[in-house]
2 protein chains.
Amino acid sequence: MGIYRDLGRDFDEWLDWVVREAEVYDYGRYPIKGMGVWLPYGFKIRKHVIELMRNLLDSTGHEEILLPLLIPDNILAKESEHVRGFEDQVYWVTHGGLTPLEVKLALRPTSETPLSYLESLWIKSYRQLPKKYYQFVSVFRYETAATRAMIRVREVTTFKEAHTLHSTYEDSERQVAEAIEVYSKFFRELGIPFVISKRPEWDKFPGAIYTIAFDTLMPDGRTLQIGTVHNLGRSFTIAFNVWIHMPDGSMDYGWQTSYGISERVIASLISIHGDAVGLRLPFRYAPVQVVIVPIPAGPEEVWKEVTSLCNGVAEELRARGVRVVLDDREDMTPGDKFYYWERRGVPLRIEVGPREVRSGSVTVVRRDDRSRVSVRLGELAKAIEAIGEEYDKAIKTEALEAFGKRVLRVSSTSEAERAVADGYIVEMPWCGRISCATEAEIRVGGKALGTPLKTAEREVEGLHCPVCGDRARTLMRFSKRY
Amino acid sequence: MGIYRDLGRDFDEWLDWVVREAEVYDYGRYPIKGMGVWLPYGFKIRKHVIELMRNLLDSTGHEEILLPLLIPDNILAKESEHVRGFEDQVYWVTHGGLTPLEVKLALRPTSETPLSYLESLWIKSYRQLPKKYYQFVSVFRYETAATRAMIRVREVTTFKEAHTLHSTYEDSERQVAEAIEVYSKFFRELGIPFVISKRPEWDKFPGAIYTIAFDTLMPDGRTLQIGTVHNLGRSFTIAFNVWIHMPDGSMDYGWQTSYGISERVIASLISIHGDAVGLRLPFRYAPVQVVIVPIPAGPEEVWKEVTSLCNGVAEELRARGVRVVLDDREDMTPGDKFYYWERRGVPLRIEVGPREVRSGSVTVVRRDDRSRVSVRLGELAKAIEAIGEEYDKAIKTEALEAFGKRVLRVSSTSEAERAVADGYIVEMPWCGRISCATEAEIRVGGKALGTPLKTAEREVEGLHCPVCGDRARTLMRFSKRY
């Protein structure tokens with residue numbers, strides 16, 4: 001498999017190493033398979049990412065709520081397609097103390113069912129619509145497949161699920177477009193490149209009319225689904241009697257959408273920007289944006305000046321709202337400190353030694369390319385902002401360009417097979433028949449991700465489905481997939 | 001039972017009414033007993049309260065983490081006193097899909113056991129100590145008693161649990177003092193009055209050496225435990241082998257404390273400041289701090305000026321960071337709007353009508369006493385800050401004074417009985433014998449809350465235990481209790 005990003009070691013191994021060494025997430029030691037612990041540093045990354053999503057949702061009229069974790073059996077089972085999609089992988093609570101419960105309770109796998117039940121109580125009129133709820137919660141899936149830190153877990157601890165209700169299908173379609181826009185902004189802001197695909201029929205969310213998915217590419221050349229948007233139609237509103245007064249005086253069922261992201265976003269953030277040394281976090285979302293490292297010097301007086309300059313710089317930056325750490329540990333060399341903070345992905349390092357004291361300037365070192373620049377003290381705060389922004393732009397551009405090279409148009413299944421094996425996402429002409437797509441999956445040795453949202457007729461003009469030879473109607477994407 | 005706060009109706013009824021009408025929390029309609037839904041407005045109150053606690057904890061060196069929800073049976077059972085305290089009220093997950101699990105999994109009732117397990121892996125040396133972790137999570141108790149919105153629930157959705165580890169008992173004692181200080185600041189900031197008591201031996205946390213509790217008084221004259229601080233000693237570090245390198249080169253078990261609060265804080269905030277009309281939220285923590293209500297007027301031009309003035313005021317305040325809503329709904333009278341926002345506890349209302357337009361000023365109305373003041377437009381932003389602060393001071397003082405009158409020193413059990421029946425907290429001389437305290441509980445018709453943290457010898461000099469007649473050593477508090 002081709003190397004999409006050079007991490008100095010196998011990606012699986014690298015990810016385990018980096019989340020442990022950078023103290024992001026303790027995985028594999030908690031005594032339940034597929035469940036991990038967010039450590040203080042990782043918790044802060046998670047917090048900044050959540051904050052970003054909250055701002056995007058709040059500013060588009062979404063309202064945050066919190067539903068109970070448990071869903072009674074009979075509620076989960078109300079929408080038949082949905083329950084069939086989840087029943088094999090639901091954790092069941094059957095006892096309270098030693099008492100068997102009358103109705104068994106599911107740990108929520110997702111919240112379409114309880115929320116639709118509540119909407120049937122809360123929403124009476126089209127005047128209340130559209131209604132856009134969201135929550136950040138843990139969801140549970142009893143995965144039988146091999147689990148992976150943050151990527152495939154049994155407790156998804158950072159599930160953002162949004163659920164919307166509308167009086168018309170058209171409005172639900174507008175909402176799908178809004179959700180796609182929100183997620184696109186979110187991933188772009190974090191520098192996570194993606195393709196958006198309409199998932200094939202056989203791979204949509206249980207109960208949905210259709211599912212739109214965001215996929216990114218992990219360093220091992222496999223795509224990771226990092227966000228989904230579902231148009232649920234009226235499956236759940238009919239099952240739960242979400243019955244609404246319409247403008248024309250009639251009563252009718254509402255229309256719903258739902259869309260979700262999970263800690264896979266953080267797995268992507270880490271994997272897409274990281275390098276062989278460790279994390280490289282975006283300046284705007286790093287728990288520590290700047291670390292100040294004093295460089296020891298000979299005479300006591302100079303050392304005092306260095307220390308006092310470090311303190312001054314830390315104070316000034318803190319006052320400007322920069323998240324800064326002054327690493328004045330005495331039992332570590334500067335070199336060890338450099339490595340310690342580089343591993344943790346701190347974007348900028350300020351070095352202060354005797355030379356800096358003499359020159360009235362400090363040295364700023366960027367995490368991405370280790371480029372160094374000397375900055376005069378009077379200009380430091382502004383310079384840090386500017387360098388931070390340049391750094392963000394640089395790591396985002398790097399990620400975007402690398403990703404762009406990894407999406408290939410192909411016209412034959414053999415070409416597709418080679419590219420997918422090498423860790424590419426391929427786009428292949430497709431006639432639209434399910435049988436051709438499934439046959440192509442076998443020949444290509446990858447999974448069908450779905451079709452681009454918009455494929456201009458021209459783009460597939462004159463092209464043919466490499467499986468049946470018929471005229472192509474659109475493109476189908478394939479890749480190795482998590 | 002005496003009325004501590006006049007809410008115009010029975011407290012139980014009032015609380016159900018207010019959380020429903022102010023759209024704080026949907027309780028009793030979710031199809032599982034004892035589990036409720038945080039609605040958008042309530043969620044925001046909760047968010048501000050959580051934010052306050054986070055700031056207090058972060059600024060005292062606590063680190064936020066997130067542990068899995070599920071605890072394996074064998075981990076929960078490791079500390080024998082602890083598991084005996086919880087085993088009757090734990091929810092058990094027994095199946096993943098249709099597959100019975102090999103080890104049954106508890107929904108966390110609290111996290112001393114899994115965290116101690118992890119600390120045995122994470123902490124090796126006294127140099128890493130003290131270590132102060134906390135998390136905001138849901139915890140679960142299969143309550144068999146009657147449940148009450150936010151007060152006694154089966155899913156406590158806003159449990160803040162802190163867990164600390166120390167190399168000496170002395171340091172754990174210092175930590176208990178710090179926790180008491182943090183909680184005291186927290187409740188004072190919210191204007192929730194409290195007494196701090198060392199709980200009687202028979203009422204401490206399962207596994208702790210002792211438990212310190214914060215109790216407030218609800219409007220019906222019953223005390224509500226709103227925070228607890230436990231010195232856990234070495235119960236859990238011994239059970240889980242949290243074995244630490246000490247400064248003298250020896251190995252020994254660490255010392256722990258833990259302390260928690262829950263959404264009872266929000267129940268208290270609502271109940272202690274609320275009145276017959278609805279909520280009265282503190283200005284600093286209200287989701288909406290100011291509502292602007294335009295007062296309709298005759299001619300079209302004037303109405304345009306009113307609207308434009310309202311928009312200008314809203315913009316100006318927003319720019320200053322005030323959380324403001326301009327209520328320009330056309331299908332509601334100003335009076336209905338006043339009531340709507342008063343019920344939701346919005347601290348300040350700005351009325352803008354033709355008179356205001358003419359005079360270049362607006363009318364600011366306080367939620368607590370409905371006092372009105374005219375403020376010139378140029379001074380509005382500053383005035384709002386000042387009035388908001390005065391309002392906060394007023395509702396806090398009111399709560400504090402009312403509470404102060406409700407804590408009574410008594411010298412006989414008959415006196416205590418009358419006072420407790422009337423909704424007071426009483427402090428009664430006590431010889432220190434458990435048998436006398438339990439006998440007193442029966443005679444007084446209340447529960448023993450525990451002893452004040454510091455009772456000067458002088459305070460009980462010459463006083464006698466009213467049960468046995470022996471010399472009093474301290475005071476014991478009694479009350480009706482939730």
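Start by selecting helix H10 (residues 334-343) of chain B: this helix lies across E16 and E19 of chain B, and runs at about 170° to E16(B). Helices (H or I, at least four residues) and strands (E, at least two) are DSSP runs numbered from the N terminus. Contact here means that the C-beta atoms of two residues, placed from the backbone, lie within 7 Å. Axes are lines fitted to C-alpha atoms, for helices over the stretch in contact, and angles run from 0 to 180 degrees between N-to-C directions.

Before you go on, note that this is a predicted model, in which local features need pLDDT of at least 70 and side-chain atom pairs count only at pLDDT 80 or more, while totals for chains, interfaces and linings use all residues. Residues are numbered from 1 along each chain as its sequence is written, and chains are lettered from A and ligands numbered from 1 in the order in which they are written.

**Stop 1: the sheet under the helices**

Now show the strands themselves. Five of them form an open sheet in chain B, in the order E17-E16-E19-E20-E21, with mixed pairing. Two strands count as paired if DSSP finds at least two bridges between them. Strand E17 (324-326) and strand E21 (372-376) of chain B are the edges; each has a single partner strand, so one side of each lacks a neighbour in the sheet. On average, neighbouring strands of this sheet are turned by 25° against each other, direction ignored.

E21(B) pairs with strand E20 (residues 361-366) of chain B in the antiparallel sense over 5 bridges.

**Stop 2: into the core**

Next, select Val313(B). Leaving aside neighbours within four places in sequence, Val313(B) is in contact with Ile292(B), Ile350(B), Val352(B), Val362(B) and Leu380(B). Val313(B) is also among the residues with the most contacts inside the largest nonpolar core, a set of 274 residues; others in that group are Ile292(B) and Phe478(B), together with Ile292(A), Val313(A) and Phe478(A). A nonpolar core is a set of buried Ala, Val, Leu, Ile, Met, Phe, Trp, Tyr and Cys residues joined through C-beta atoms within 7 Å. A residue is buried if 20 or more other C-beta atoms lie within 10 Å of its own, exposed if 12 or fewer, and partly exposed in between.

Follow Phe478(B) to its strand. Phe478(B) sits in E25(B), with Ala448(B) standing opposite. Strand E25 (residues 474-481) of chain B is joined to E24(B) by 3 bridges, and the two run antiparallel. Strand E24 (residues 447-452) of chain B also pairs with strand E9 (residues 195-198) of chain B, antiparallel over 2 bridges. There, Ser197(B) stands opposite Pro452(B).

**Stop 3: where the chains meet**

Colour by chain and turn to the contact, which takes 40 residues from chain A and 40 residues from chain B. On chain A, the elements that each supply at least two residues include helix H2 (40-58), helix H5 (112-122) and strand E8 (155-166). The largest share, 6 residues, comes from E5(A). By type, the side of chain A that touches chain B divides into 27 nonpolar, 7 polar and 6 charged residues. Ala, Val, Leu, Ile, Met, Phe, Trp, Tyr, Cys and Pro count as nonpolar, Asp, Glu, Lys and Arg as charged, and the others, Gly among them, as polar.

Select E5 in both chains. E5(A) and strand E5 (residues 91-96) of chain B run antiparallel and are joined by 5 bridges. Val93(A) has Val93(B) as its bridge partner.

How are the two chains related? A rotation of 180° with 0.0 Å of shift along its axis superposes chain A on chain B (RMSD 0.0 Å). This is the relation of a two-fold axis. In chain A, the C-alpha nearest the axis belongs to Val93(A), 2.1 Å from it. The same surface serves both copies, as 100% of the contact residues of chain A recur in chain B. Copies are superposed by least squares on the C-alpha atoms of residues with pLDDT of at least 70 in both.

**Stop 4: backbone details**

Finish with a few loops. Leu129(B) and Pro130(B) are joined by a cis peptide bond, with omega about -5°; Pro130(B) is in the loop between helix H5 (112-122) and strand E7 (131-140) of chain B.

Arg370(A) has a positive phi of about 60° although it is not a glycine. Look for Arg370(A) in the loop between strand E20 (361-366) and strand E21 (372-376) of chain A; Arg370(A) is exposed, with 11 other C-beta atoms within 10 Å.
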